[in-house]
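Please read this briefing alongside the sequence and the coordinates, which are shown next. The points are grouped by topic.

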Amino acid sequence: MSIEAKLLHLQSVQNLLAPYRYLYCVDLEANCDEVGESEPSRPLAVVPDQMETIEIGLVVIDLETLEVVDEFQRFVRPQINPVLTDFCKQLTSIQQADVEGAGTYVEVGLELGAFIARYADAAWASWGDYGVRQLERDAGFAACPSLLAGLQHFNVRKWHKGLYDDQPKSLKQTVESLGLVWQGIYHRGIDDARNMASIVKEMLS
């Protein structure tokens with residue numbers, strides 16, 4: 001990709017963000033299941049349509065300074081499948097006790113609403129579009145508005161592909177491809193949100 005093309009793409013991203021003071025980098029983890037290669041065939045304990053958020057991680061970037069100014073992390077207690085699968089616990093490092101002591105989607109949503117009220121004039125971003133679909137799925141289960149409803153959403157993965165003409169397979173690979181240092185545990189909501197914020201800061205700086 002030419003320097004001119006990169007600059008044009010960067011300018012388009014900056015134009016998209018121009019109306020906002022803050023950007024929330026958001027990552028979700030959900031209760032999930034997968035049959036391992038060494039396992040005998042079995043039905044999934046959690047089918048994809050019943051995946052529920054079990055952790056919300058949100059990092060606030062001040063777009064004027066490109067500094068992280070705050071963050072929000074909560075575990076969420078799943079309602080349909082309250083017991084985490086072994087696959088999920090191994091993937092995310094989130095344990096049963098973490099979610100059993102957590103609030104419901106509605107309760108965490110109220111806490112999140114109070115938190116983001118301190119950072120008005122914001123949009124939010126995720127790595128891919130999974131987060132949007134998962135929040136809508138959770139809202140359907142809870143019969144309430146989707147968390148972050150009404151805020152503009154951006155896909156950081158698409159920004160990265162447009163700027164670097166490259167599409168690494170994962171968030172962790174992308175962090176490393178940019179020469180950044182991965183922070184924390186992969187597939188933990190708050191850690192993934194922090195690393196996504198690092199990517200955003202690197203792209204915009």
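E202 touches Y164, L178 and L180, not counting residues up to four places away in sequence, where contact means heavy atoms within 4.5 Å. This is a predicted model, in which local features need pLDDT of at least 70, side-chain atom pairs count only at pLDDT 80 or more, and totals for chains, interfaces and linings use all residues. Residues are numbered from 1 along each chain as its sequence is written, and side-chain values use heavy atoms, with hydrogens and water left out.

- E202 is found in helix α8, where helices (H or I, at least four residues) and strands (E, at least two) are DSSP runs numbered from the N terminus.
- With a relative accessibility of 34%, E202 counts as partly exposed; buried means under 20% relative accessible area, exposed over 50%, and partly exposed in between (1.4 Å probe, protein chains only).
- Between the C-alpha atoms of E202 and I185 there are 20 Å in space, and the two residues are 17 residues apart in sequence.
- Helix α8 as a whole is mostly covered, since 13 of its 16 residues are buried.
- At 1.5 Å a residue, the 16 residues of α8 should span 22 Å, and its end C-alpha atoms are 22 Å apart, which agrees; the expected span is 1.5 Å times one less than the number of residues in the helix.
- G189 is also found in helix α8, and at 0% relative accessibility G189 counts as buried.
- Leaving aside neighbours within four places in sequence, G189 is in contact with D27, E29, E55 and G57.
- From C-alpha to C-alpha, G189 and Q50 are 19 Å apart in space and 139 residues apart in sequence.

**Nonpolar cores**

- The largest nonpolar core has 28 residues, and those with the most contacts inside it are L17, L23, C25, V156, W159, I199 and L204; such a core is a set of buried Ala, Val, Leu, Ile, Met, Phe, Trp, Tyr and Cys residues joined through side-chain atoms within 4.5 Å.
- At least two residues of this core are supplied by each of α1 (3-17), β1 (22-30), β2 (53-62), β4 (122-126), α6 (156-164), α7 (171-177) and α8 (189-204).
- The largest share of this core, eight residues, comes from α8.
- A second, separate core of 21 residues includes I56, F72, V76 and L148.
- L204 is in contact with L10, V13, Q14, L17, L63 and L66, leaving aside its neighbours within four places in sequence.

**Packing of α1 and α6**

- Helices α1 and α6 pack at an angle of about 155°, with their axes 8 Å apart; axes are lines fitted to C-alpha atoms, for helices over the stretch in contact, and angles run from 0 to 180 degrees between N-to-C directions.
- That makes α1 roughly antiparallel to α6, where angles under 35 degrees count as roughly parallel, over 145 as roughly antiparallel, 65 to 115 as roughly perpendicular and the rest as oblique.
- On the α1 side, K6, H9, L10, V13, L16 and L17 meet K158, W159, G162 and L163 in α6.

**V175 in α7**

- V175 lies in helix α7 and, at 0% relative accessibility, counts as buried.
- Not counting residues up to four places away in sequence, V175 touches L180, V181, W182, N195 and I199.
- The C-alpha atoms of V175 and N195 are separated by 7.0 Å, although these residues are 20 residues apart along the chain.

**T92 in α2**

- T92 is found in helix α2 (residues 86-92) and counts as buried at 1% relative accessibility.
- The side chain of T92 reaches the backbone oxygen of C88 at 2.8 Å, and a polar atom of the T92 side chain lies 3.0 Å from the backbone nitrogen of I94.
- Leaving aside neighbours within four places in sequence, T92 is in contact with E29, H187 and R188.

- A143, in the loop between α5 (130-142) and β5 (153-155), has a positive phi of about 55° although it is not a glycine, and at 72% relative accessibility A143 counts as exposed.
- L148 is found in the loop between α5 and β5 and has a positive phi of about 70° although it is not a glycine; L148 is buried, with a relative accessible area of 8%.

Technical notes. Polar contact = N/O pair within 3.5 Å; in protein donor to acceptor, adjacent residues only side chain to side chain.
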